[in-house]
Amino acid sequence: MLLLLLGIIILHVAVLVLLFVSTIVSQWLVGHGYATDLWQNCSVSTTSNVHHCFFSSANEWLQSVQATMILSVIFSVLSLFLFFCQLFTLTKGGRFYITGVFQILAGLCVMSAASIFTVRHPEWHLNSDYSYGFAYILAWVAFPLALLSGVIYVILRKRE
């Protein structure tokens, strides 16, 4: 049982790290001396290697991506906190429903954010010289892992 709990906690922390990194790092779209994320657009001058960063546009869809990514991080942190609370207060044989629901919500939020960004980013960057960065890919990797850990929490029963 101890190894199972340790594995679940490691999976949850891994999801949390993926969510934090994908929300914070400026690598959602990358191109020739250019990187953008949910918060700012940065470009590198070819002559002086100076970074010029500007705030991202105030598009409604971009704000919804920002909000859902922040919600996914909040839901995942709350889920981890609830797991530890339920671990010590739940009766024997009880299930971790609340923890699982919040982790599944975190997975659905990150899926929504990545989907909206996928559909709407051509309106924001008309140039096709850009490709998706690693933070965008990490967001998509966090989605199935968050759903998996949420389902594991729902199935898991507390034992003595």
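**Helix packing in a predicted model**

The end C-alpha atoms of residues 137-156 are 29 Å apart, and this span is 95% helix and 0% strand. The model is predicted.

Colleague: Which residues does UniProt list for "transmembrane region"?

Modeller: The listing comes from an unreviewed UniProt entry. One of its spans, residues 96-117, is 95% helix and 0% strand in the model, with its end C-alpha atoms 32 Å apart. The residues listed in the entry are 65-84, 96-117 and 137-156.

Colleague: Are H1 and H4 roughly parallel or roughly antiparallel?

Modeller: Helix H1 covers residues 2-24 and helix H4 covers residues 134-155; their axes come within 8 Å and cross at roughly 150°. Angles over 145 degrees count as roughly antiparallel. The orientation of H1 to H4 is therefore roughly antiparallel.

Colleague: How many nonpolar, polar and charged residues does the contact of H1 with H4 have?

Modeller: From H1, the contact includes Ile8, Leu11, His12, Val15 and Ser22, and H4 contributes residues including Phe134, Leu138, Leu145, Ser149 and Tyr153. Sorted by class, the contact of H1 with H4 has 17 nonpolar, three polar and no charged residues.

Colleague: How are H1 and H2 oriented to each other?

Modeller: Helix H2 spans residues 60-89, and H1 packs with H2 at an angle of about 160°, the axes being 9 Å apart. The cut-off for this class is an angle over 145 degrees. H1 and H2 are therefore roughly antiparallel.

Colleague: Is the crossing of H1 and H2 left-handed or right-handed, and which residues of H2 make the contact?

Modeller: The crossing of H1 and H2 is left-handed. On the H1 side, the contact includes Leu5, His12, Leu16 and Phe20. On the H2 side, the residues are Met69, Ser72, Val73, Ser76, Val77, Ser79, Leu80, Phe83, Phe84 and Leu87.

Colleague: What kind of aromatic pair do Trp28 and Tyr136 form?

Modeller: The count of aromatic pairs comes to 10. For Trp28 and Tyr136, the rings are 5.7 Å apart centre to centre, with 70° between the planes. Planes over 60 degrees apart count as edge-to-face, so the pair of Trp28 and Tyr136 is edge-to-face.

Colleague: How many residues apart are Trp28 and Tyr136?

Modeller: Trp28 lies in the loop between H1 and strand S1 (29-31), whereas Tyr136 lies in helix H4. The pair links distant parts of the chain, and its two residues are 108 residues apart.

Key
Residues are numbered from 1 along each chain as its sequence is written. This is a predicted model: local features need pLDDT of at least 70, side-chain atom pairs count only at pLDDT 80 or more; totals for chains, interfaces and linings use all residues. Side-chain values use heavy atoms; hydrogens and water are left out. Axes are lines fitted to C-alpha atoms, for helices over the stretch in contact, and angles run from 0 to 180 degrees between N-to-C directions. Helices (H or I, at least four residues) and strands (E, at least two) are DSSP runs, numbered from the N terminus. Angles under 35 degrees count as roughly parallel, over 145 as roughly antiparallel, 65 to 115 as roughly perpendicular and the rest as oblique. Contact means heavy atoms within 4.5 Å. Ala, Val, Leu, Ile, Met, Phe, Trp, Tyr, Cys and Pro count as nonpolar, Asp, Glu, Lys and Arg as charged, and the others, Gly among them, as polar. UniProt positions are given in the numbering used here, feature names are shortened, and annotations may be inferred rather than shown by experiment. Rings of Phe, Tyr and Trp (its six-membered ring) pair if their centres lie within 6.5 Å; planes under 30 degrees apart count as stacked, over 60 as edge-to-face and the rest as tilted. A crossing is left-handed if the near helix is turned anticlockwise from the far one by less than a right angle, and right-handed if clockwise.
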